[in-house]
Amino acid sequence: MRNARRAIDLIGQTDLLRVNSLSELTGCEILIKLESQNPGGSIKDRAALQMITDAMARGELRPGMTVVEGTAGNTGIGLAIVARGFGLDMLAVMPNDQSPEKERMIALHGAQLKTVNPVPFRDENHFYHTARRLAESRADYWWANQFENTSNLRAHYLHTGPEIWQQTDGNIDILVSVAGTGGTIAGNSMFLKEQNPEIQVWLTDPNGSGIFSYLKTGEYIADGSSMTEGIGIMRLVENFKQARIDAAVNLPDQDLISMSRHVREHDGIVLGSSSALNLAGALQAAALHGPGKTIVTFACDLGERSASKLYNPDYLRSRGLSDQAEPVTELLARYYQAGDKVWYR
């Protein structure tokens, strides 16, 4: 139990939860770190706090200034909360195809929201470039630049990784994570491998992202698309450069649908799309490395933020996806046979 004077003082120190159904099925200890417990409901609160406190310590960001960031949603929510805690304003630039739940949260936390059409990164109207231009237009604006700002990964190197090490008493064999900016997987992998170089770090990549291809071939090539928001990138950014990854797997949206339905029914856990993808990656790692392994992954945010997509049958049908879950035993059997589809360093 903690007492705090500000909401931002409650960022971090999140719990680990054993996923009983998957642990018993695989013979592994499969644990999820409940980042939804952060005040803004996501793991991005950590990066938001570190980016702002580091910028203030350097004198780049001062009271009365406005934080500007391009975001798929969760970083914007986190920055809005942290900015308010330090007496700063916040302007979030967001693609207009993200979940309405995230748009509402950014506004509720007092930030200004500018939405733009979703376009490829090479287009100057992309949300990233729009945020950069806005930040450069005024002296009292500060651009968080979460992709290239390595305070992002520092949040996890200084805090998340040590928490995981302490909570598992150092008994962790595999860390599984998706990547958006790469800050989570970079900071955690750096810290944990300093404690034990034998820890395996697995990246789970959705369709539509080029990271899996980059690790295999050195080129960012994407196939298809995914409903996941803020996950997967098509360029090498500074945070991801520092990730220490041993294995990677590319999984389709139908797998994360099946995983989300399974843990909701059997474990009483409602996951968002990126969290369900993480847990599917953990199941893949368990299939190929277990039993007897301790595997840690992340519940990245609040599951209800995916209500309009992951838990909406009409939306799923519009993407050619089924709301009917594949039994997790069949998913596991398929993963046992998929060793040749996993990239290993």
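Predicted model: local features only at pLDDT ≥ 70, side-chain atom pairs only at ≥ 80, totals over all residues.
**Pocket.** I noted the space in the second largest pocket as about 200 Å³. β9 gives the largest share of its lining, three residues.

**Seven-stranded sheet.** I next traced the sheet that β9 belongs to. It is open, has seven strands in the order β1-β2-β10-β7-β8-β9-β11, and its pairing is mixed. At the edges I found β1 (16–18) and β11 (343–344), each of which pairs on one side only. β1 and β2 (residues 29–34) run antiparallel and are joined by three bridges. I checked R18 and found L31 of β2 as its bridge partner. As a reminder to myself, strands of a sheet pair through backbone hydrogen bonds, either parallel or antiparallel.

I then looked for a helix packed on this sheet. Helix α6 (residues 151–167) lies across β1, β2, β7 (174–177) and β10 (294–299). Its direction makes an angle of about 140 degrees with β2.

**Four-stranded sheet.** I recorded another open sheet, of four strands, with the order β5-β4-β3-β6 and parallel pairing. Its edge strands are β5 (112–116) and β6 (141–143), and each pairs on one side only. I noted an average twist of 25 degrees from one strand to the next. Three bridges join β3 (residues 66–70) to β6, and the two strands run parallel. Within that pair I located V67 opposite W142 of β6. Helix α4 (residues 100–108) lies across β4 (89–95) and β5, and runs at about 165 degrees to β4.

**Salt bridges.** Side chains of opposite charge can pair when their charged atoms come close. I counted 18 salt bridges, with 4 Å as the cut-off between nitrogen and oxygen. One entry I wrote down is K193 with D246, whose closest N and O atoms are 2.9 Å apart. K193 sits in helix α7 (residues 183–195) and D246 in the loop between α9 (238–241) and β9, so this pair ties together parts that are 53 residues apart in sequence.

Most residues other than glycine have a negative phi, and most peptide bonds are trans. I searched for exceptions. Q13 is not a glycine, yet its phi is positive at about 55 degrees. Q13 is placed in the segment before β1. D169, also a residue other than glycine, has a positive phi near 55 degrees. I placed D169 in the loop between α6 and β7. For the peptide bonds, I noted that the one from G290 to P291 is cis, with omega near -5 degrees. P291 lies in the loop between α11 (273–289) and β10.

Note on methods. Residues numbered from 1 in each chain as written. Heavy atoms only, no water. Pairing = 2+ DSSP bridges. Contact = heavy atoms within 4.5 Å. Axes fitted to C-alpha atoms, helices over the stretch in contact; angles between N-to-C directions. 1 Å grid on protein atoms, 1.4 Å probe; cavity = no way out; pocket = protein on both sides within 12 Å on 5 of 7 lines; lining within 4 Å. Points joined across faces, edges and corners; volume = space filled by probe spheres on them. Salt bridge = Lys/Arg side-chain N within 4 Å of Asp/Glu carboxyl O.
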